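Please work through the exercises below with the sequence and the structure side by side. Try each task before reading its solution.

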Amino acid sequence: MKRNKAFKIVYWILVGAIILVALLLIISTFPITGNYKVMTVISGSMEPAIKMGSVVAVKPSDDYRVGDIITFGPAVKTKTPTTHRIFDIKVVDGNPVYITKGDVNNAPDAREVQRKDVIGKVLFAVPYAGYAVDFAKKPMGFALIIIVPAGLIIIDEVRKIVKELKKKKEENKENEENGKDKL
């Protein structure tokens, strides 16, 4: 019985995690100004604060300060945005220019970041979840993320139906036997 209860707890945790990731991915795709973006960190330059393979939730902000972790750069198929900490801020022609640095790197980045290139401030990171998100973006991964949980739910429901049918069958059998005894 304890094993069955442990299975159900793990099962619902996995289902909840999948639903949460799916919602975050869906919400992040809407082209709403100021919307959250969910991105995968593909390098280890921000370790230990953000591990390689983490998923970061990024939201645009009106105010960036030294020490904030930001994501910046183009988000196209050929180039991946960078997630680094603001090391220093300069003002050029009245506009802020950010000097960034990965926590593991010895020196600040050579390229300065313009305000218009900042996607947003990192709100939180989920370690290693990026591997699952990247896997889910591939056809086989998407199929597994949809088919496996759906299959588990279907199996669980079929098991419940079979159990109820057996219970009803036994009740009917008992009722028939009780009816014969009265005759």
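This is a predicted model: local features need pLDDT of at least 70, side-chain atom pairs count only at pLDDT 80 or more; totals for chains, interfaces and linings use all residues.

Residues are numbered from 1 along each chain as its sequence is written, and side-chain values use heavy atoms, with hydrogens and water left out.

**Exercise 1.** Find out which residue forms a salt bridge with Asp68, and where the two partners lie.

Solution. Begin with the criterion: a salt bridge is a side-chain nitrogen of Lys or Arg within 4 Å of a carboxyl oxygen of Asp or Glu. A search of the whole structure finds nine salt bridges. In one of them Asp68 is paired with Lys121, and their closest N and O atoms are 3.4 Å apart. Next, locate the partners: Asp68 is in the loop between S2 and strand S3 (69–72), whereas Lys121 is in strand S7, so that the pair links distant parts of the chain, 53 residues apart. Here helices (H or I, at least four residues) and strands (E, at least two) are DSSP runs, numbered from the N terminus. Finally, consider how accessible each partner is, where buried means under 20% relative accessible area, exposed over 50%, and partly exposed in between (1.4 Å probe, protein chains only). Asp68 is buried because its relative accessible area is 17%, and Lys121 counts as partly exposed because its value is 22%.

**Exercise 2.** Describe the salt bridge between Lys160 and Glu157, and name the network to which these residues belong.

Solution. First take the distance, which is 3.7 Å between the closest N and O atoms of Lys160 and Glu157. Then look at the positions: both residues lie in helix H3, three residues apart, which is about one turn of the helix. Salt bridges that share partners join Asp156, Glu157, Arg159 and Lys160 into one network. With a relative accessible area of 38%, Lys160 is partly exposed, and Glu157 is partly exposed with 38%.

**Exercise 3.** Identify the residue that a cis peptide bond joins to Glu47, and state where this residue lies.

Solution. The cis peptide bond joins Glu47 and Pro48, with an omega of about 5°. Pro48 is placed in the loop between strand S1 (37–40) and strand S2 (55–59).

**Exercise 4.** Give the phi values of Asp93 and Tyr128, and locate both residues.

Solution. Start with Asp93, which is not a glycine and yet has a positive phi of about 55°. Asp93 sits in the loop between strand S4 (82–92) and strand S5 (95–101), and it counts as exposed because its relative accessibility is 76%. Continue with Tyr128, also a residue other than glycine, whose positive phi is near 65°. Tyr128 is found in the loop between strand S7 (118–126) and helix H2 (129–136), and its relative accessible area of 48% makes it partly exposed.

**Exercise 5.** Determine in which helix Glu176 lies, and whether Glu176 is buried or exposed.

Solution. Glu176 belongs to helix H3 (residues 139–182), and it counts as exposed because its relative accessibility is 53%.
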